[in-house]
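Please look through the structure shown here, moving from one residue to the fold as a whole and then back to particular positions.

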Amino acid sequence: MTLLKQGHIRLAELEDAPDILSIYNQAIETGLATGHLTPIKLLDVLDWLEAGHLERPFWVFEYENSILGWANVDDFHGLPTFSDCVEVGVYVCPENHRRGIGKALLNRLEKDMTLLGVSHLMAFVFQANKSSLALFDLHGFEEWGLLPKAAKVSSQQFDICLLGKRLKTEV
């Protein structure tokens, strides 16, 4: 519990990019946590951070000057009719899984998105990624759809779950 009490969540800065990259590339290695198949580059993360803005923030969980996890939201479909819907990404370094960091990041994300008037949070998760499914389930996400064999990793096909949560917004 000390980690959660002493750690804090803040908006990401460009200086956080190497840590964000490391966490994301570790997720890529699992083969079931992201759509990328090969490690990405630091420039990719810098582009993500530079593209972020107050309506679509990028958060990090920091503990003793180390980034242990991060979360972000992206526009869903990038079309104006879906402006109140966001796609959620949450990544935690493997040695800190199941320590409450993902839940803390989702709590912050939901609070900020509610204040910004976002009505729907969505996540696309490999059905075989039981720990991510459990995290989103604990946070009140429901399965809104299934994309059978929509992802291919090392010539093996995997189902993708569309998870969602409707936020209570004052509109």
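Which residues does N72 touch, not counting residues up to four places away in sequence? In this predicted model, N72 touches P57, F58 and W59, then E87, V88 and G89, and also L109. The residue itself is found in strand β3, which runs over residues 66-75, and N72 counts as buried because its relative accessibility is 10%, where the cut-off for buried is under 20%.

The secondary structure of the protein chain comes to five helices and seven strands, and when it is read along the sequence the order is α-β-α-α-β-β-β-α-β-α-β-β. For 171 residues, a compact globule would have a radius of gyration near 16 Å, and the 15 Å of the protein chain agrees with that expectation. Taken along the principal axes, the box that the C-alpha atoms fill is roughly 45 × 40 × 35 Å. Of the 171 residues, 44% are buried, and among the contacts between residues at least 6 apart in sequence, 62% join residues that are at least 24 apart.

F76 has its place in the loop between β3 and β4, the latter covering residues 85-92, and F76 is buried, with a relative accessible area of 15%. Leaving aside neighbours within four places in sequence, F76 is in contact with F82, C85, V86, M122 and F124. F76 and E87 are 11 residues apart in sequence, and their C-alpha atoms are 5.5 Å apart in space; E87 is also one of the residues that N72 touches. H77 is found in the loop between β3 and β4 as well, but H77 is exposed, with a relative accessible area of 58%, and the phi of H77 is near 70°, a positive value in a residue other than glycine.

A positive phi is also found at K149, where the angle is near 50° in a residue other than glycine. K149 lies in strand β6, which spans residues 142-153, and K149 is exposed, with a relative accessible area of 53%.

C85, one of the contacts of F76, leads on to the cysteines. A search of the whole structure finds zero disulfides. C85 is in no disulfide, since the nearest cysteine sulfur, that of C161, is 19 Å away, whereas a disulfide requires a pair of cysteine sulfur atoms within 2.5 Å. C161 is likewise in no disulfide, the nearest cysteine sulfur being that of C85. C85 counts as buried at 12% relative accessibility, and C161 is buried too, with a relative accessible area of 2%.

A51 is found in helix α3, made of residues 42-51, and A51 is exposed, with a relative accessible area of 57%. The C-alpha atoms of A51 and D137 are separated by 29 Å, while along the chain these residues are 86 residues apart.

Notes
Residues are numbered from 1 along each chain as its sequence is written. This is a predicted model: local features need pLDDT of at least 70, side-chain atom pairs count only at pLDDT 80 or more; totals for chains, interfaces and linings use all residues. Side-chain values use heavy atoms; hydrogens and water are left out. Buried means under 20% relative accessible area, exposed over 50%, partly exposed in between (1.4 Å probe, protein chains only). Helices (H or I, at least four residues) and strands (E, at least two) are DSSP runs, numbered from the N terminus. The radius of gyration is taken over C-alpha atoms; the globule rule is 2.2 Å times the number of residues to the power 0.38. Contact means heavy atoms within 4.5 Å.
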